[in-house]
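Biologist: Please show me the model, and then let us go through how its parts pack.

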Amino acid sequence: MSALTVVLALLTALSNASASVLQRRAATDEPAGGRGMRQAVRWLGHVLRRPYWLAGAGLLALSTVFQAAALAVGSLAVVQPLLATELLFTLAVGGVVFRARPSRRTWLAFTALAAGLALFLGVAAPSSGRTTALPGRWLPAGVAVVCAMVALVVSARAVRGAPRAALLGLASAVSFAATAALLKELMGRLPQGVGAVLTQWPPYVTALIGVVSFLLLQSAFRAGSLTASQPALTLGDAMVSVALGSALFDEQIALGVRVLPEVLGFALIGAGSIGLAGAPWAGGAWDTAPNGRDGPGPEARERAPGRPSAGGPDPDRPAP
């Protein structure tokens, strides 16, 4: 695990997180609208004119460059788990954009997530594996990925609010992990020459799955708060990427006596993610536009008389 791989992966996470916050900021300026493809396209047409959304799209493009460079010099099982730091960057950048200050509990959750990530990668010591997958491995892996994505999207249609955002975030995670694996395959074939690579399938499938990932991500933003979608997105991406790295590129992680600290590392990552999602400063729809269409910003809500503390009853929810 080289320092260059780590730096490039962290830059990818920072760019992705900033893009998520800016595009969620643009989403809060638009009414939720109705259901169906027509309403979704109309909503997307509106946010396309928002400077926040355009800046987020630019950062997503930059993150793709960083990610491709990281995957060219490092393994999928190293790069993608490091993208779990995106949640840290999301809440840090979101705190600035949405004017919300992290609490002590939030910082403890930050620490747990960072420590878990360091423990897992340090103990697992993922191998570099192959630069391209063996012939015949992409078809079963692709079928498994598509089935998982379809099942998650169908399940998301049956629920609303945070559960829907979480399921769509997980579907985005599976799609982004597949995109990363395809991007690694593409980078591994570049020594053949750009002309030769353009006559093969990876560039076009990578672009297609990348577009699907983007659309799923926008659906997750539209469905609900980042505190619901982002943990599922970051953790799901890490776990699916480790599985794809092993199945496709023969990337191995140390097992045996190291399994226990590896599980502990993932447990800390999960605990940190849950802690961040449930932290007081992130609990009351913190990622809403100040004085925007989603209601008053965090500062105005804190000054509102009679507002319950975090974890208290919701005044907007009808009594049982």
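Biologist: At what angle do the axes of helix 5 and helix 6 cross?
Modeller: This is a predicted model, in which local features need pLDDT of at least 70, side-chain atom pairs count only at pLDDT 80 or more, and totals for chains, interfaces and linings use all residues. Residues are numbered from 1 along each chain as its sequence is written, and side-chain values use heavy atoms, without hydrogens or water. Axes are lines fitted to C-alpha atoms, for helices over the stretch in contact, with angles from 0 to 180 degrees between N-to-C directions. The axes of helix 5 (residues 86–97) and helix 6 (residues 104–124) come within 10 Å, and they cross at roughly 155°.

Biologist: Are helix 5 and helix 6 roughly parallel or roughly antiparallel to each other?
Modeller: Angles under 35 degrees count as roughly parallel, over 145 as roughly antiparallel, 65 to 115 as roughly perpendicular and the rest as oblique. The axes cross at roughly 155°. Helix 5 and helix 6 are therefore roughly antiparallel.

Biologist: Which residues make the contact of helix 5 with helix 6?
Modeller: Contact means heavy atoms within 4.5 Å. Helix 5 contributes L87, L88, L91 and A92, and helix 6 contributes F110, L113 and A114.

Biologist: What is the angle between helix 8 and helix 10?
Modeller: Helix 8 covers residues 162–189 and helix 10 covers residues 202–223. Their axes lie 8 Å apart, and the packing angle is about 160°. That makes helix 8 roughly antiparallel to helix 10, at an angle of about 160°.

Biologist: Is S172 buried or exposed?
Modeller: S172 is found in helix 8 and touches S213, L216, L217 and L233, not counting residues up to four places away in sequence. Buried means under 20% relative accessible area, exposed over 50% and partly exposed in between, with a 1.4 Å probe and protein chains only. At a relative accessible area of 0%, S172 is buried.

Biologist: How far does helix 3 reach from its first C-alpha to its last?
Modeller: Helix 3 (residues 51–73) has 23 residues, and its buried residues include W53, L60 and F66.

Biologist: How many helices are in the chain?
Modeller: Helices (H or I, at least four residues) and strands (E, at least two) are DSSP runs, numbered from the N terminus. Of the 320 residues of the chain, 45% count as buried. The chain has zero strands, and its helices number 14.

How values were computed
Expected span 1.5 Å × (residues − 1).
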